Amino acid sequence: MKILSVLFVLAVVMFACQTKQAKQVEEAAKGVVVQNVGEYVLNVEGMTCDGCEKSVEAGLSKIEGVAEVKADHETGKTIVKADTLKVNTGDLAQMIVKIGYKVE
């Protein structure tokens, strides 16, 4: 009888812990937005310095859906991580031209 009582108490405690944990996970997930993140690699002409990199990064970061931008004036490459449902290469190229550079 004591063994059944102990097992019952353990079962109740485990259930309570799982329920609390499930609620914590549910609360944490409320603020999470799942995106379709893709990576775009663009060849940008005209970047000659760190300031150029910063201009390209700042301009592309303004586009809704862009999560991360890294421009490199030495290689001419700009890597953009963005939500593929919101951003396409045309949007990125248009912004690069708008801020004064060319896209190959």
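Two strands count as paired if DSSP finds at least two bridges between them. With that in hand, let's walk through this predicted model, starting at the sheet.

Six bridges join β3 to β2, and the two strands run antiparallel. β2 and β3 form a hairpin with four residues between the strands, and here G76 takes a positive phi near 80 degrees.

Now turn to the partner strand β1, which covers residues 37-45. β1 also pairs with β3 in the antiparallel sense, this time over seven bridges. Here V37 stands opposite D83 in β3. As you look along the strands, keep a general point in mind: in a regular strand the side chains alternate between the two faces of the sheet.

How many salt bridges does the model hold? With a cut-off of 4 Å between a Lys or Arg side-chain nitrogen and an Asp or Glu carboxyl oxygen, the count comes to one. The pair is E64 and K86, whose closest N and O atoms are 3.8 Å apart.

Are the two partners buried or exposed? E64 is exposed, with a relative accessible area of 61%. K86, at 45% relative accessibility, counts as partly exposed.

Technical notes. Residues are numbered from 1 along each chain as its sequence is written. This is a predicted model: local features need pLDDT of at least 70, side-chain atom pairs count only at pLDDT 80 or more; totals for chains, interfaces and linings use all residues. Side-chain values use heavy atoms; hydrogens and water are left out. Buried means under 20% relative accessible area, exposed over 50%, partly exposed in between (1.4 Å probe, protein chains only).
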